[in-house]
Amino acid sequence: MEKLYWQSIEDFKNQKNTNITEDKPEPEFSIEGLDESEINGRSSRRDFLKMLGFSVSAVALVSSCQMPVRKAIPLLNQPEDVTPGVANYYASTFFDGTDFCSILVKTRENRPIKIEGNTMSPITKGGTNARVQASVLNLYDDARLKEPMKNGNPITWDTSDKEITEHIKRLSQSGQKVVLLTSTVISPSTKKLIEEFIEVYPNVEWISYDPISMSAMRKANEMNFGKAVIPSYSFDKANIIVGFNADYLGTWLMPVAFSKQYSVNRKLDKTNPSMSRSYQFESNMSLTGSNADYRYGIRPSEESIVLLNLYNEIAKATGHSLYNAPDSPVDIKMVASDLLSNKGKSLIVSGTNDLNIQLIVNAINNILGNYNSTIDINTPVNLYNGSDKDMQMLVQEMNDGIVGGILLHNVNPVYDYHKSDEFVSGLNKVKTRISFADTMDETAGLCEYICPDNNYLESWNDSEPVSGYYSITQPTIRPIFNTRQFQDCLLNWMERSEDFSDYMENNWKSILSEEASFDGSWNKIKHDGVYHAELAEPVPVEFMQKGLKSVSKPKTGLEVFVYQKIGMGIGKYANNPWLQELPDPVTTATWDNYLTVSPSYAEANNLKLEDVVKINDIEIPILVQPGQPQGTVSIAVGYGRVSAGKAGNNVGQNAFGFVSGDEVTIEKTGSSYPLALTQMHHNMEDRPIVRETSLTKYKQDPASGNELHAYDEKHNVSLYSKIDYDGLHWGMSIDLSSCTGCGNCVIACQAENNVPVIGKEQVKNRRIMHWMRIDRYYSKDENNPEVFHMPVMCQHCDNAPCENVCPVAATNHSNEGLNQMAYNRCIGTRYCINNCPYKVRRFNWFEFTNNNNFDYNMNSELGKMVLNPDVIVRQRGVVEKCSMCVQRIQEGKLNAKMENRELKDGDIKMACEQSCPTDAIQFGNLLDENSIVKKETENPRMYHLLEGLHTLPSTSYLTRVRNNDV
């Protein structure tokens, strides 16, 4: 039976019942300037010609009479390192308390406009994720505080320093407790400064807080190894990977580093056709689960049961002690067999903050000999240092009136603490409340003083994400507003005259004490952005089996599972419209969170998409999610902000009050709430797009799953003569076995090419402007489907259907194989959109710049500072699409010309390619026999999208290979 692929529950039901996708009515919409008869297609030929004539003349009139005014102020003294029109790059570090990435910051005329990964980092190795890419927009956020404040009114730094120092001294002299509450700090210099601050004011206690906690993992390792640490993991060394509610490709711990490692063993090589195998047990459909070779849906209360059964199966085969456990709800024998066959080359991880679960995970990894192989307990990860116990004690002491002052840095517990009401009650009883928030967030709004912190792109700092591995943060722009680093505030209140950049440099003198020349080494570290210190020979640690307990039966009620979405995370960047409009890789939803339920639960309870239900104290719409386990519902945190900014306020519901595994009840309200989903925007009408095979079949025939390619190549004929390119023919290749569908490339493309944000209403109207999209397809059982992710952008066809139909030659073919757009020619007939089988062209229905109806970054003088000056901002009535970053191509050619050499493979990288954490995208010259992209076109797995149409795309794909036998 032919394998069917589908994009939504409705699509699945249509295929299941009739195998024919029903036509769905287009949503009603209005177009300014057209009456209803014209919209509904009832206009006459005369009306059409009349309207066409008016449109052409109007476009000519507007373009000739309304040239926008651009003001430019010349530099009197040009800085040495600034050449107008030439970008500068600075090594820096992104760390926001949870996510870490070593980066390069692209600046134009001292203005940061783009984030790239730092390839010199041994941890992230040049990769990024969506939040890292979008972080540059946070620098230009109108919601940022412009100056220090007291009780909501602006004050000077001198006044704030004087008054706050007096408060802290008075509290110190009276012996009243002051708490410094921060997110996880991984900066060795900042840690040292805080310790010195506490020496000056001994009444200060430092507490770390993480909204998503990993305290249980640290506690388990303390019990088993005597070290309260999170170990470092090597997914690239594991043949078998088993995850339990750990979305290590999406949001868990260090997803950029783990994606890079994971992809290493997913790339097939002719000489070694093997790949790792991944199993995922989870309570919602995560990005990792959608990429797993085998996926199992479980309840949160079943996780410990499955794990203990897995432990017993392995322990029984290796002679270790067994524990009582209820029968596993899923068969784990195949998993156990694979793990036993790969001792020392396997890896088991869990993202659940439960001590017994983490102890079971440690015990399994110990039996399999994974420590000192795929797990390194002696080189710990320094992220997620927050203490649940200390946070609980703080809330209690605030409510008891014990805390006299509190300083809050990079935390927002009024919003994201799971017992927010108790925290607010306690905070209001603290007399001196000081926040370092850069925006007036929910917690800062309750503080007396706000000393706004710099953006990380305006700051000095250092990081040690993994012991012995350092990364430097350096400012790439002077502070835009009258803000100041958190560390400089501490130095001022300690009455120290130095600033933090000097303090950090002095601290690094001790770190580099063994280096021959400090100045030379320090300058090199700032240039490279990274430094690896040789650690002392680790003291061997022995595993001590203790604390592991038997587990009870699972719960019987409906259980809730709380997770993070790829774009929004914990909600820190809720006011970033790029992230709000990023389609979720699994649900393809934008601008909201929702309650995901399984198809069977929805059918049994008469629930459908967008029905609003009440769960606990919130009302939230339903999204029917294939793969949602039976007996569970899921909801994403990071939404429901009320003090984020104009883009983030009142978007979705706050889910931090839920705890995974809690039993809940759902009550249907009878109302509905629209969701902006993109999953059916670009339906390709059941044509053969997805091509995949299993590893077993691939070993037998490398062209397995790609048989149609040979047929199409043989039978395609054309009336057009073949194009002969002279030296350059640009092309792209995408390895679908490496692509995880994370959406990072979508944001990278948006940042590079000035793609506008259009808002929820226009997304609902199928007008999303992203130049590239990630199609998501399901196959097999709707309750536990296989998932397929596929990046799609302009294919740059040699026989491009769009070029033939444009009446004004706005879209044309270059002599280097690019399908070009001449925006000043385009009159918006959209014939090209209709004639494109890949549906990758976008139409500017409105003016998205300087328009209060689209009040995002392009409607703000500050927000427009992020725009790339090498890419024009398109106006209303113009079609746009992927240009294959033609500006980067031109830059690469000019650089090679200035260096008097030929272009080399790798000189030019597309924005999507450069940011990809799995190296799934390759770009290059198809006429260069030694280029990677040319070699991939000769791979038996290579095919083109809809190649039966003979459009001859310059973008090719490699079939996905799964390491399963299903």
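In the predicted model, helix H10 (residues 303-318) packs against helix H11 (residues 333-340) at an angle of about 45 degrees, the two axes lying 9 Å apart; axes are lines fitted to C-alpha atoms over the stretch in contact, and angles run from 0 to 180 degrees between N-to-C directions. H10 is therefore oblique to H11, given that angles under 35 degrees count as roughly parallel, over 145 as roughly antiparallel, 65 to 115 as roughly perpendicular and the rest as oblique. The contact (heavy atoms within 4.5 Å) is made by Leu310, Glu313, Ile314, Ala317 and Thr318 of H10 together with Lys333, Val335, Ala336, Leu339 and Leu340 of H11.

Helix H7 (residues 215-225) is mostly covered, with nine of its 11 residues buried, where buried means under 20% relative accessible area with a 1.4 Å probe and protein chains only. Among the buried residues are Met217, Arg218, Met223 and Phe225, and the elements that cover the buried residues of H7 include strand S9 (230-233), strand S13 (346-350), helix H12 (355-367), strand S14 (375-381) and helix H13 (388-399). H7 is followed by glycine 226, which has a positive phi near 80 degrees.

Serine 208, found in strand S8 (residues 204-208), is likewise buried, its relative accessible area being 13%. Apart from neighbours within four places in sequence, serine 208 is in contact with Thr182, Ser183, Asn385, Gly386 and Ser387.

Residues are numbered from 1 along each chain as its sequence is written, and side-chain values use heavy atoms, with hydrogens and water left out. Because the model is predicted, local features need pLDDT of at least 70 and side-chain atom pairs count only at pLDDT 80 or more, whereas totals for chains, interfaces and linings use all residues.

Terms used: Buried means under 20% relative accessible area, exposed over 50%, partly exposed in between (1.4 Å probe, protein chains only). Helices (H or I, at least four residues) and strands (E, at least two) are DSSP runs, numbered from the N terminus.
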